[in-house]
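Come along with me through the entries.

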Amino acid sequence: MPRRLRLFFLACICTGSLYAQDLSDIQFHGFVTQGFVFSSNNNYLTMLTSAGTLQWTDGAVSIADSISDNLRVGIQLHMYQLGQLGGPNVQVDWASGDYKINDYLGFRAGKGKTPLGLFNDSQDVDAVFLWTLLPQSAYPVDNKSFFLAHLGGEVYGALSLGSQAGSLQYRGYAGQAYLDLNGGYVKLSADEGVVFTAAPAGKTYGGDLRWEAPLKGLTLGSSACVLALDGTAAAGSIHISPFLINAEYAQFQKGKFYVAGEYRRAPVNPILTIGPAVIPLPIDQRAWFAMGSYRLSKNFQVGSYYSHYLNKALDITQPANYAKDWVVSGRYDFNSYFYGKLEGHFLDGNGLGFYTSTNPNGLKPNSKMLAAKIGFSF
């Protein structure tokens, strides 16, 4: 069976019909999307985008059930193909139990979503976004599954500060994070000759504090995430000592207008070992984006963002050490279930999203790209 058909059946197998989304207390949701990408000069995200490609198919189904007034359990199954990434295997995006004592205190355990910045724990729900691609400086689609979730536990809650001061939402977690064997980081290692057959993993912990301001529609927040990683392959190994990712963000929505921005820093010192050679790969990521959108009608929305990435540990005058992306996007909702997106990208630098295996003749410093997507969600 073709992979795109598998994705379609994954999204539909649990639904039966569109009106049967809520069977007693069990909730079924999901989506399936098909993308088209065409770029000048370089091939992007392991796809053959310079010739135009449909090598981008995504689908997921989530099931959740309220066991009691306080206890809720759920799971999301996911399958995707992004050029040479992903594949026919169904993956578990998240699977957790959630026990909420009251508004102030709750607990989650299992494979839970990781709170990091504005969109990390919602980036797996394509239908809620205007954008075909979220800003890649902060939300790299080729490594989405690695950042999305961790295996462990979480505590969360909300505190009211009064009508004049808004409210605070907090989340704290600890556990284990795993690299996706079909994801971009493992692909980059394979391009260097280190092929992992067991997923590199490491401890992670962190938290998020989000302030809902008394000004309606304004949210300010800060996240911190500590990660470590180790993996061993036949030809070598990777070691990353614990490092801190910090993210500060803000968003404001009023009526048809929406604006948001985020800044991240992540100083990382991976050490790649290939045989007797020990190769340090210094990274000091400085990334930020700013975005805005306007809803022209109930079904039609337009927007733009600028995404900026630098590796300050290396020479930032070289295109391999920076990535800047101007984006113009539009979305049209045909009905409650089907939608389409069209997006133009103006890429400067190739520090993110480009792979030597799909660019054997080298990389040009600039590219233009058109990305389109048709989606179905329920």
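I began with the second largest cavity, whose lining has five nonpolar, three polar and five charged residues. My classes: Ala, Val, Leu, Ile, Met, Phe, Trp, Tyr, Cys and Pro are nonpolar, Asp, Glu, Lys and Arg are charged, and the others, Gly among them, are polar.

This is a predicted model, where local features need pLDDT of at least 70, side-chain atom pairs count only at pLDDT 80 or more, and totals for chains, interfaces and linings use all residues. Residues are numbered from 1 along each chain as its sequence is written, and side-chain values use heavy atoms, with hydrogens and water left out.

I noted the search rule: on a 1 Å grid over the protein atoms alone, a cavity is a set of points where a 1.4 Å probe fits but cannot get out, a pocket is an open set with protein on both sides within 12 Å along at least five of seven lines, and lining residues have an atom within 4 Å of a point. Points are joined across faces, edges and corners, and a volume is the space filled by probe spheres set on them.

The second largest cavity has a volume of about 110 Å³. I found 13 residues lining it, with Asp58, His78, Tyr80, Val141 and Lys144 closest to its centre. Two or more lining residues come from each of S3, strand S4 (71-82) and helix H2 (144-148); helices (H or I, at least four residues) and strands (E, at least two) are DSSP runs numbered from the N terminus.

How many cavities of 30 Å³ or more are there? I count six. The largest cavity holds about 170 Å³. Its lining has 18 residues, and Gln123, Asp126, Thr132, Val141 and Lys144 lie nearest the centre. Strand S2 (26-39) and strand S3 (53-66) each give at least two residues to the lining of the largest cavity.

I got about 1,400 Å³ for the largest pocket. Its lining counts 47 residues, with Tyr185, Leu188, Ile283, Tyr309 and Gly351 closest to the centre. I sorted that lining into 32 nonpolar, 11 polar and four charged residues.

The second largest pocket has about 470 Å³. Val128, Phe129, Gln253, Tyr258 and Gln301 lie nearest its centre, among 24 lining residues.

Last, I looked up Phe300, in strand S16 (residues 300-311). Phe300 is partly exposed, at 33% relative accessible area (buried is under 20%, exposed over 50%, partly exposed in between, with a 1.4 Å probe and protein chains only).
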